[in-house]
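User: I have a structure to go through with you. Please set each term against its cut-offs.
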Amino acid sequence: MPLVRISLSKTGPWTGSGRRIGEVVYRAMVDTIQVPVDDNFQVITEHDSEGLIYDADYLGVRRTDGFVAIQITLTEGRTVQAKQALFATIAHGLRRELGVRPEDVFINLVEVKKQNWSFGNGIAQYVEARREPAASPS
Amino acid sequence: MPLVRISLSKTGPWTGSGRRIGEVVYRAMVDTIQVPVDDNFQVITEHDSEGLIYDADYLGVRRTDGFVAIQITLTEGRTVQAKQALFATIAHGLRRELGVRPEDVFINLVEVKKQNWSFGNGIAQYVEARREPAASPS
Amino acid sequence: MPLVRISLSKTGPWTGSGRRIGEVVYRAMVDTIQVPVDDNFQVITEHDSEGLIYDADYLGVRRTDGFVAIQITLTEGRTVQAKQALFATIAHGLRRELGVRPEDVFINLVEVKKQNWSFGNGIAQYVEARREPAASPS
């Protein structure tokens with residue numbers, strides 16, 4: 001159910017690697033916040049230096065042209081601890097798999113109700129089916 | 001008040017049809033969730049296969065390169081039933097008007113407070129005017 | 001902590017001015033809603049006329065090809081008054097600094113919890129450190 005938006009620099013080291021970055025983000029979500037297997041929907045864009053703006057030092061974190069902004073819209077209700085695990089797992093996974101500097105990994109979560117998703121066919125798949133009244137035995 | 005983001009495949013059947021898709025989404029919002037007439041603001045982007053990622057089978061829904069991701073930011077407060085009507089009306093409208101496979105229509109809603117919009121002039125148009133104390137009769 | 005998305009027309013007067021527009025938005029956030037200095041993260045995109053859709057007259061506001069859509073994801077909790085000050089300061093700043101028509105400035109805020117941000121290193125920097133039990137004096 002998450003919709004992930006990943007923004008990269010066109011002139012940095014991750015040009016052309018957006019899809020691999022997205023795979024790491026997807027697996028981290030499955031591993032830490034119970035996102036279902038195969039629930040993988042992403043929009044990945046590359047930007048020139050005029051299109052992707054980051055502060056090079058906010059909170060004392062040194063960012064470079066390898067900066068990656070990840071915005072994840074997901075169903076509400078994860079605990080703070082689960083979110084912390086997600087952040088750590090994404091950053092560690094990106095370092096391990098691609099060599100992304102952890103300082104360059106910016107993540108933001110946007111939470112929505114579970115009724116706010118349709119995965120096709122015009123249906124809100126996460127809404128419980130209405131309970132039909134049981135057929136009368138008589 | 002909604003801000004609609006539509007993401008399409010550049011190599012699929014809907015290249016160049018984003019605006020028509022957006023019109024169907026707009027009319028569905030007017031018809032099902034009381035979006036005011038003319039309240040139509042959209043950002044439509046096309047992506048190559050590295051930029052628009054979808055699972056081809058999540059929840060048993062078969063998706064193709066005709067996949068369309070629609071993310072709608074709107075004022076909070078619609079009922080579940082209204083959201084279900086919106087999803088169905090978008091999917092049915094896209095099939096009827098453009099031949100989009102309903103399986104390929106992914107929709108996500110992000111809800112915000114009504115005070116979170118400015119439609120120009122630096123004003124929060126949906127905030128009620130402050131009530132001025134009535135002039136004293138004396 | 002805000003993540004700002006700015007969408008401009010490629011054929012309008014602000015092509016190539018996205019970064020300057022973003023600077024005005026950033027300063028307005030610092031001045032009106034206590035966004036920390038250097039907390040500046042933005043994604044700026046330019047679109048052709050098929051990619052950026054706006055109603056030319058919704059709510060009686062006359063919009064032109066100089067239309068600028070600004071969507072700001074930020075931590076929840078600002079008052080209505082603070083948001084109104086933000087909207088006004090952005091619109092006035094864009095007019096003063098670049099000559100943007102205030103009618104062309106569309107703004108939307110998306111609010112999230114403070115735990116929903118990671119500014120690098122896989123850490124949720126806005127989450128309070130857990131209090132460790134004080135070492136026993138005995």
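User: What makes up the lining of the largest cavity, by class?

Analyst: The lining has four nonpolar, six polar and three charged residues. Ala, Val, Leu, Ile, Met, Phe, Trp, Tyr, Cys and Pro count as nonpolar, Asp, Glu, Lys and Arg as charged, and the others, Gly among them, as polar. This is a predicted model: local features need pLDDT of at least 70, side-chain atom pairs count only at pLDDT 80 or more, and totals for chains, interfaces and linings use all residues. Residues are numbered from 1 along each chain as its sequence is written, chains are lettered from A in the order written, and side-chain values use heavy atoms, without hydrogens and water.

User: Why is the relation of chain B to chain A called that of a three-fold axis?

Analyst: A rotation of 120° with 0.0 Å of shift along its axis superposes chain B on chain A, at RMSD 0.0 Å. Therefore the relation is that of a three-fold axis. In chain B, the C-alpha of Val110(B) is nearest the axis, 4.7 Å from it.

User: What does Ile70(A) touch?

Analyst: Its contacts (heavy atoms within 4.5 Å) include Val4(A), Phe106(A) and Asn108(A), not counting residues up to four places away in sequence.

Technical notes:
Copies are superposed by least squares on the C-alpha atoms of residues with pLDDT of at least 70 in both.
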